Amino acid sequence: FVLKNSDGWHLIKRGGAVFSLKETKKQPLELRWAHNEDTLYSRDNKGISLFDEAKHTFIPLVTKAPIIDFYVDNELTVLSGGIHPSITFFDPDTGKQLRHSTSTPPVTKIRGSQNDLIILKDANGSLYLFNRTAERPLFQNVSDVSDVVFLTDRHFFTFNDFEIWDHDFSNDHYTRSLVT
């Protein structure tokens, strides 16, 4: 697992072996495991890098600035800022760009992903459901949400302190209903 304390970032393995990321001459802004939890990615001011455990170094993967946030599952999804926010999809192993979308709402974080849906979060806590496989992105704004729980790839619940909502993309159309 990864630990961040006042001394910097540390990669800690089972059995107590510790590796300080200071040894890589990098101090990442953020570290994130791939969805399968086998591969470690970092984000710094220069882009996103892939950690090579054998060499104890980060290998640059995506050098597209400014990167606001990223998420890794079967694709490396990168949220970039600037004049027009955009989302770019990369191969998580090679860094090769797969596709790019400039039709992005004003969001600050990638909250999560499930196959063809990406959940984006804005500064006010509203979620945007983004269909990453469509030619024209589909946005559905869900406000006042604490968290998201997926049932299937296209069916999930959102909830806050007062209510639970059921969201279903499994048919040809989107349905949303109040559970409680």
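Colleague: What should I know before I start reading?

Modeller: The model is predicted, so to speak from its record: local features need pLDDT of at least 70, side-chain atom pairs count only at pLDDT 80 or more, and totals for chains, interfaces and linings use all residues. Residues are numbered from 1 along each chain as its sequence is written, and side-chain values use heavy atoms, with hydrogens and water left out.

Colleague: How many salt bridges are there by the rule?

Modeller: A salt bridge is a side-chain nitrogen of Lys or Arg within 4 Å of a carboxyl oxygen of Asp or Glu. Here the count is two. In one of them, lysine 109 meets aspartate 69 at 3.6 Å, N to O. Lysine 109 sits in strand β12 and aspartate 69 in strand β8, so the pair ties together parts 40 residues apart in sequence. Strands are DSSP runs of E, at least two residues, numbered from the N terminus.

Colleague: Is aspartate 69 buried or exposed?

Modeller: Buried means under 20% relative accessible area, exposed over 50%, partly exposed in between (1.4 Å probe, protein chains only). Aspartate 69 is buried at 1%, while lysine 109 is partly exposed at 35%.

Colleague: Which strands form the open sheet?

Modeller: Two strands pair if DSSP finds at least two bridges between them. The order is β16-β17-β18-β19, with antiparallel pairing. The edge strands, β16 and β19, each pair on one side only. Five bridges join β16 to β17, and aspartate 147 stands opposite phenylalanine 159 in β17.

Technical notes:
Helices (H or I, at least four residues) and strands (E, at least two) are DSSP runs, numbered from the N terminus.
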